[in-house]
Amino acid sequence: MTAEVSYEVVVIGAGPVGLACALEVQRRGLSAVVVDKGALVNSLVGYPTNMEFFSTPELLEIGDYPFPTAHYKPLREDALDYYRRVAVSEKLPLRLYERVLALEGTPGAYEVVTEKGRIRTRYVIVATGFFDVPNRLGVSGEDRPQVSYYYKEPYAHVGQHVVVIGAKNSAAKAALQLVRAGADVTLVVRGAAVSESVKYWIRPDLVNRIAEGRIKAYFNTTVQAIDADAVQVLTPDGLQRIPAHFVYALTGYHPDYRLLAALGIECRTDAARTPWHSEDTFETNRPGVFVAGTVCGGLNTSRWFIENGRHHAKVIAEQLAARR
Ligand SMILES: Cc1cc2nc3c(=O)[nH]c(=O)nc-3n(C[C@H](O)[C@H](O)[C@H](O)COP(=O)(O)OP(=O)(O)OC[C@H]3O[C@@H](n4cnc5c(N)ncnc54)[C@H](O)[C@@H]3O)c2cc1C
């Protein structure tokens, strides 16, 4: 199959950072297209309903577009609207619901292979984030329909036994929302306590709900298996069965390493399996192929986020403009 279209730059991933990259290269006179396997800002679409960002709005802005909000911290819905408006205002060419599978060709003459066709290009910017591949539990029963690695909202769980696995921000927020919506919540934590990295305005709320017994919690505890109606856990006091109609395994996510390999991007052998790239230019081992945003941190998914990752866009765009 031959490539039917060509752009100077293909951006893989229509997240906040991918959009920032596309608009910055386009403003410098290079033609660009953004390809995403899902919706526009697909990761944010998957975040919990009415989720409040930790960042204030000006720290999430791209392309110098102001992000006005009625709240001190934007909600997911505000951000979805904001990034859509930016994409429309900049007339960014988008190919949504089109998964990228591989990268073929040679420097200066690449072909991005997608599930729908091929796109010829000189440069590729990979801004694929980390939210698509959950850190799985690796126990029997984890594929049961009542088990999810993504939490949306509590309303389907009124009067139900819900087990939340994890001890970071997502697990803390989910457990608190669920108990307030009338679910019977048990938190299962591998470590000895709720993580110190949980935001300072969320952690005391959770710790106090556990102390008063509204949320049951098992610490130093690992999941052994998930049955139809319970979660089997190994606690310091031995094996226990926790009743569970629903299970949320909020144990984090990691970049899609199979995709990185299919794009020809090598990874370092450090603990974070960092995709190989220059710290100054973000160019990978494959000339003309760049990484941007959260994916740059590898398994260290909190290294780059919107606030700091959005700045990769100008760094990369300026280099591409200079190479014309
Ligand atoms: C609950 C939660 C709250 C957060 N709050 C904040 C906050 O307050 N402030 C902050 O700065 N950060 C926050 N973050 C982190 C932030 O959302 C991410 O760091 C951010 O989305 C990274 O942007 P990105 O563009 O690098 O990646 P993403 O937004 O993840 O975008 C990656 C895109 O790549 C697409 N993609 C993946 N694989 C393919 C493929 N094969 N082909 C085509 N497309 C593909 C995906 O569909 C996705 O749309 C939060 C994260 C979570 C989970």
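Mentor: Let's start with a definition: two strands pair if DSSP finds at least two bridges between them. Strands (E, at least two residues) and helices (H or I, at least four) are DSSP runs, numbered from the N terminus. This is a predicted model, where local features need pLDDT of at least 70, side-chain atom pairs count only at pLDDT 80 or more, and totals for chains, interfaces and linings use all residues. Residues are numbered from 1 along each chain as its sequence is written.

Trainee: What makes strand 12 and strand 13 a pair?
Mentor: Four bridges join strand 12 to strand 13 (residues 230-235), in the antiparallel sense.

Trainee: Why are strand 12 and strand 14 called edge strands?
Mentor: The open sheet has three strands in the order 12-13-14, paired antiparallel. Strand 12 (222-226) and strand 14 (238-243) each pair on one side only.

Trainee: How do you know that strand 8 and strand 15 pair?
Mentor: Strand 8 (residues 147-148) and strand 15 (residues 246-249) run parallel and are joined by two bridges. The definition requires at least two, so they pair. Here S148 stands opposite Y248 in strand 15.

Trainee: And what makes strand 9 a partner of strand 15?
Mentor: Strand 9 (residues 161-165) pairs with strand 15 over four bridges, in the parallel sense. V162 stands opposite F246 in strand 15.
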